Structures are given as structure tokens and as C-alpha cells.
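Hi there,

I'm passing on the structure we talked about. Have a look at it first, and my notes come after.

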Amino acid sequence: MSITDQAPAQEHPAATTFDSLDPATGQVVGTHPVHTEEQVRAAVERARVEAQWWSGLDFADRRRHLTAWKAAMVQRLPELVDLMHREGGKPRGDAALEAGLAVEHIAWAAKNAKRVLRRRRVPSGLTMVNQSASLAYKPLGVIGVIGPWNYPVFTPLGSIAYALAAGNAVVFKPSEYTPGVGEWFAARFTEAVGRPVLQVVTGFGPTGAALCRAGVDKLAFTGSTATGKRVMAACAETLTPVLIEAGGKDSVIVDADADVPAAADAALWGACSNAGQTCIGVERAYVHEKVYDEFVSAITAKAQALHAGPDDKIGPITMPSQLDAIDAHVRDALDRGGRAVVGGAGAVGDRFVQPTILVDVPEDSIAVQEETFGPTLTITKVRDMDEAVELTNASRYGLGNTVFSKAEGVTIADRVRSGMSAVNGVITFAAIPSLPFGGIGDSGFGRIHGADGLKEFTYAKAIARQRFKPALELTTFDRTDKADQRFAKLIGVMHGRGAKD
Ligand code: NDP
């Protein structure tokens, strides 16, 4: 079967259903509805009713429901893993790891929502000392979530779990490549909780576009930068706020004092796991000249032992059109003087792409500038860490990053313009639920995970309560000249010092 045969059912005006296909074999995994604009609106209206009930529960009740959902998923994990394997092509071990880490996030969000969001007292300041000031984070209502296929559980749940824990209802549109996975975990929610606070709508881009326009209170999008711009434009029509988790071009930086075998191992896994289809995948390596040769030899030896195939550690490319993009990046790198020490021309097959390690690739080539989303890595020699940071930061993306250094890891990571960095490990930040996840620049904005991820799906509600009558009556037309003078004096005493001359 050729690549084109394995493309999912194309969007057709009359199509009411579409098939999800196994990217390794082209076989049909499941058939799903193409939800119309009207049906998406109906789902959002239904969600509004659910949001009223769900937001009316206290944090402890929501935690109990979310725990029941999490347990229901874990008890049937082999079923989910099998579906992830068949729909996305992901090796079963990787699918189990992804699902397990996603469950950790549900647990963290459920446990910490009360601590992060409940009403708390804040200082009212000297001029407002008669006031008691307090702040709480309230659910927005209905959150629309649009997700990608590459991590069909971990990625959307990064938004969904935090939105639910914050007291919102959710309508989720999974990628057309992995609709069954989304339907599966939403069904477990309804079974566990007894109400469809989490609903799924399926279809193609227009179904996602309809969700943007359906009156949701916020839209959380994860996908490519190009689609993110379209989503933001659609949401702008109704002033619907957006969270954009888009692509990346993450680097690994290797310092002269690094544990080079560990860095090579991490870079290879970061580049090639999930067939390189990872937003926080490693796509570039900047290696100190003192350890460059050792790093290239170590990664070459390891990569030569890796293979992509049906039962190998690297699975198929999920989205057939991506094969051409990966091929174009590799060819451009080779045409412009780069060398493949592993893989290279011919690495891109009908469904699988063999690991490809490229050296001497010019910094302005597309393999260095654009997101490749395949099992490829460019390695560049740098004279010092300043150059490594400068080249890393020259990207329009700013999602994640990795640093290998014994003495200066955190110092180097702190200089990298990205939402997250891992030091002497790879992608570790994503599995730490208390750390926020998200990017800057073309990688998007807003945060999932952690306290920031909970607050992302809320609005801040401030209350100032008068405790006793103020000494200075300021907010009245009866304010006296004397009060004005005393206020001016107070401001002078409090803030008048510290001028430079
Ligand atoms: P796409 O941008 O192609 O699609 C993302 C989602 O948007 C899909 O559900 C898609 O539906 C939907 N969609 C498509 N067109 C529209 C539209 N006009 N309006 C609303 N929704 C629409 O991304 P991919 O699925 O290919 O995912 C890969 C990308 O995601 C990579 O760039 C990767 O880096 C990024 N990503 C980012 C992450 C992060 O957290 N920063 C995490 C994981 C991935 P359909 O599939 O039906 O077309």
C-alpha cells in the first residue's frame, strides 16, 4: 500500500463519518462522526449545563470524581495502550509511559486545585488598611480543547485535567488521526462520574474551527504554529481567549565537562523517540568543541543500532504528509554541505523513517530553522557555551531545551529563551506536574501543568471588604481638603524617597 492509501478519509462536504487508520498497516481502526457546526454548538450548550453542576461541587467532591476517572483509566490501561498503538503507531511501551504520565497530571491537578485556587487573604496596604482583601480563582465555564495526534493522551489531558480540576466543563476535539483515543478517555470519565462534564466532538479542521466559534469561554489549542494562528483568528471574532501550545525546535547543549555518553543517549532518545514526533523533541545539538568528536562517535554508535519498523523501538510516521517534509529537510541539509553520519538520503520510507544524524549543516538550512518532526538530529560544534546559547536562541521557537553540564547546567539553562529546560536529563520537566509547561515566540503562550496550568482556566476574582470606617474618607464627594492634604502627605512619606538625585 502506498503512502496516499493510508491517508484518513478526506474531508468531504457530504461525509458524515470518517475512519481512523493504523499508520503501520493502513487498516481501519475505527469509524467516527464528522460533527457539524450545529452539533458542536449543541455540545457546548450541553457543557454549559454540566459546568453549572460541576462548578457547584466543592474541591473535595471534584477531587473524588477525578480520582475515580483516573482509577477507571488505569484499570483498563492495556485497552488504552492498544488503541494508542493502533491509531497512532506508537510502540506499546511508549504508549504506556505516555498514559501513565498523563494520569500523574490528573492526580496532581485534582489534589492541588484547592490549594492553588481557593479564596485567600492578601495584604491590603497601608492606605487601605481598613479593608480586608481577598482573591480567588473561579472557573471560566466551558473550555474548548483542540489536540494533536502525537501524544493523544498526555497532551490534551494537560489542558483537560487542569481545566476540569479548576471547575470547568470541557468539549474536546481530538486530531482526526486519533479520535478513538479521545473518545475512549471521555467515555471513562462519563462512566466514572455519571455525567458528561467532558465531551468529545470529532471530525476535521472545520469541526475544530466550529469549536472556536461555538461560544466557549476559552480555547486551549495544541498543534502546529500555522493552525494556532488560524485558531487565534477565529477566536478573535468573539474575543474568546486562547492558550496556544505550538511547535518547537528544541536544542540539547553539551558543555565541555558533560557526561558525554549520557548526553549522547539523551539526545538520541529526545530526537528519535515517538519517531521524532514530539513538540519538545530534540532537533538540534550544540556541542562544545572539546567533546564534539566524542559526542558524535557516541551517538553514531548508538543510533546505528536503532531501527524504525513495525516491531521496533521507533514506530511509523503517523501523518503521511509529514514524510515529504522530513525528506525535504534531510535533502536540503545534504545539498547544502551537511553530512549524514547515520541515515540520510533514503532514510525516509513509505511509512517509517530511519534515524538520521546530520553534521556540518548550515545554521540557515530548513533542518535547523524549521520543526522537522521526524527522527533526525543536527549536531553543530561550538567554541563555548555563549555560542551554544546564542544559536539556540536564534530560533523563532522557544518551547523546551536540554543542557548537559556538570558545573554550569542551571546557569546555562537560565539563559535559554524557552519555556522549559532539562538539565542532565531530557524532557524531564514535562513529567513534573508542579512545573508549568508552555512556550514563547512561535511556540505559543499560556501554560498547562502546575499552579499556572490551573490558573490558566480560571479568572481572578478580587474582593475588598471594608472592616472599619477609614481614617481618611477618600471615595466620597464629601472628601475634604484636609483629607486630600493628609493623603498627599502619606504618599510623600511612603513613596517620596529613593529618587536618584
Ligand atoms: P495541527 O495543527 O495540524 O492540528 C492540531 C489540531 O487542530 C487537530 O485537532 C486539527 O484537526 C485541528 N485543526 C486543524 N485545522 C483547524 C482549524 N482551522 N481550526 C481549528 N482546529 C483545527 O497539528 P498536528 O495535529 O499535526 O500536531 C503536531 C503539531 O503539534 C506539531 O507542530 C507539534 O510541535 C505540536 N505540538 C505541540 C505541543 C505543545 O505542547 N506545545 C505538544 C504536542 C504537539 P485535524 O487533525 O482534524 O485536522
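Below is what turned up around the ligand.

This is a predicted model, with local features needing pLDDT of at least 70, side-chain atom pairs counting only at pLDDT 80 or more, and totals for chains, interfaces and linings using all residues. Residues are numbered from 1 along each chain as its sequence is written, and side-chain values use heavy atoms, with hydrogens and water left out.

There are 31 residues around the ligand, and Glu-176, Ser-224, Ala-246, Cys-279 and Glu-371 come nearest (near: a heavy atom within 4 Å). By type, this shell splits into 14 nonpolar, 12 polar and 5 charged residues (Ala, Val, Leu, Ile, Met, Phe, Trp, Tyr, Cys and Pro are nonpolar; Asp, Glu, Lys and Arg charged; the others, Gly among them, polar). Domain 1 (47-246 + 449-459) and domain 2 (250-433) each supply at least three residues to the shell, the bounds coming from an automatic or database domain assignment.

Which backbone atom lies 2.7 Å from a nitrogen atom of the ligand? It is a polar one of Ala-246. As for ligand oxygen atoms, one is 3.2 Å from a polar side-chain atom of Ser-175, and a polar backbone atom of Gly-203 also has a ligand oxygen at 3.2 Å. On its own the ligand has 910 Å² of accessible area, of which the protein covers 90% (Shrake-Rupley method, 1.4 Å probe).

Best wishes

Note on methods: Polar contact = N/O pair within 3.5 Å; in protein donor to acceptor, adjacent residues only side chain to side chain.
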